[in-house]
Amino acid sequence: EYGLRLLEMIEHIEERSPSGGDTSRMSLEPSQVAKLLEVTAPNSALNPWTDPFVRLRNSLIVRWLLGTGMRRGELLGLHVRDFNRGKAYCEIKRRHDDKRDNRRRQPNAKTLERLAPLDEQLVRLGEDYLKARRDLEVARKHGFLIVADDGVPLSENSISAMFALLRDKFPGVGPVSAHVLRHQWNEDFSAYADSIGMDPDEEARERSWLMGWGPASKMPSHYLKRRTKEKADEHVKAMQRRLMKHADEIGYRIGAERKTGEF
């Protein structure tokens, strides 16, 4: 229990810290998301990678992170058997000090174990990736899902380098990183909850489950508070626009009266 609270405290600090491109912005504009999806599509002429397997794998990484909000370490810790194609989810498990993991820095889940739902397209992308993975002899000798082009389990540094290359070659993708995509998922979830009129308590419960946070976590209220501030800012600006429109109308009327000598 203490360990989980500590991890959630660390995550709270990370969520408030700049990441992925020396900027304080922690989410992307819609145009930046669109650009990211465009340049990482496996068949895109803009895709910066040449190897077909790497193109497919990187496309899966971006879309699964953006679609599930899972952490980089959680993605890299997935085993092939954790990807349940029939029931359309990935099972995120905590496997600390895994003796089968030879990576110098073992990636792992920092929060609670859970199921990450996948829609039909994300499942299909995962199936396409699995077919390509089977052609790598080294990959068939271990159970880790996400691998390098030589078949060994992919490292966290490799994912960081992937996003660094995207930021360098395509400034239009914005401050993208694995951490920013997790934050982007939360922003998208907030917007979706608003669009369907979801009760705030239900929103907090669902967010906690999907992000792997405990019942006592303060992370849901952190995002709810941010969303409340954004909505309050929007409402105040709308009021100000009405005020200034009224002021402009008065100014226009005064100017017209002066011209006609009625003022």
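**Entry 1: helix H3**

I began just after helix H3, where Gly-69 takes a positive phi of about 75 degrees. Before going on I noted that this is a predicted model, in which local features need pLDDT of at least 70, side-chain atom pairs count only at pLDDT 80 or more, and totals for chains, interfaces and linings use all residues. I also noted that residues are numbered from 1 along each chain as its sequence is written, and that side-chain values use heavy atoms, with hydrogens and water left out.

Helices here are DSSP runs of H or I with at least four residues, strands are runs of E with at least two, and both are numbered from the N terminus. I looked up the length of H3 and found 17 residues that reach 24 Å from the first C-alpha to the last, close to the 24 Å expected at 1.5 Å a residue (the expected span being 1.5 Å times one less than the number of residues). At the start of H3, I found a side-chain oxygen of Asp-51 within 2.9 Å of the backbone nitrogen of Phe-53.

I then asked myself why H3 is described as largely enclosed by the rest of the structure. The reason is that 15 of its 17 residues are buried, where buried means under 20% relative accessible area, exposed means over 50%, and partly exposed lies in between, with a 1.4 Å probe and protein chains only.

**Entry 2: the second largest pocket**

I next turned to the second largest pocket, whose volume is about 400 Å³. Of the 18 residues that line this pocket, I listed the closest to its centre as Arg-63, Gly-67, Leu-118, Asp-119 and Leu-122. For the terms, a pocket is found on a 1 Å grid over the protein atoms alone, as an open set of points where a 1.4 Å probe fits, with protein on both sides within 12 Å along at least five of seven lines, and lining residues have an atom within 4 Å of a point. The volume is the space filled by probe spheres set on the points, which are joined across faces, edges and corners.

Which element gives the largest share of the lining? I found that it is H5, with five residues. By class, I noted ten nonpolar, three polar and five charged residues in the lining (nonpolar being Ala, Val, Leu, Ile, Met, Phe, Trp, Tyr, Cys and Pro, charged being Asp, Glu, Lys and Arg, and polar the others, Gly among them).

**Entry 3: salt bridges**

My search of the whole structure gave five salt bridges, each a side-chain nitrogen of Lys or Arg within 4 Å of a carboxyl oxygen of Asp or Glu.

I looked at Arg-72 and Glu-156, whose closest N and O atoms are 3.4 Å apart in a salt bridge. This pair links distant parts of the chain, with Arg-72 in helix H4 and Glu-156 in helix H6, 84 residues apart.

Because Lys-35 and Glu-38 are three residues apart in helix H2, about one helical turn separates them. Lys-35 is partly exposed at 26%, and Glu-38 is partly exposed at 39%.

Finally, I looked up Arg-207 and Glu-203, a salt bridge with the closest N and O atoms 2.7 Å apart. Both lie in helix H8, four residues apart, and both are buried.

Notes: A polar contact is a pair of N or O atoms within 3.5 Å; within protein, one must be able to donate a hydrogen and the other to accept it, and residues adjacent in sequence count only if both atoms are side-chain atoms.
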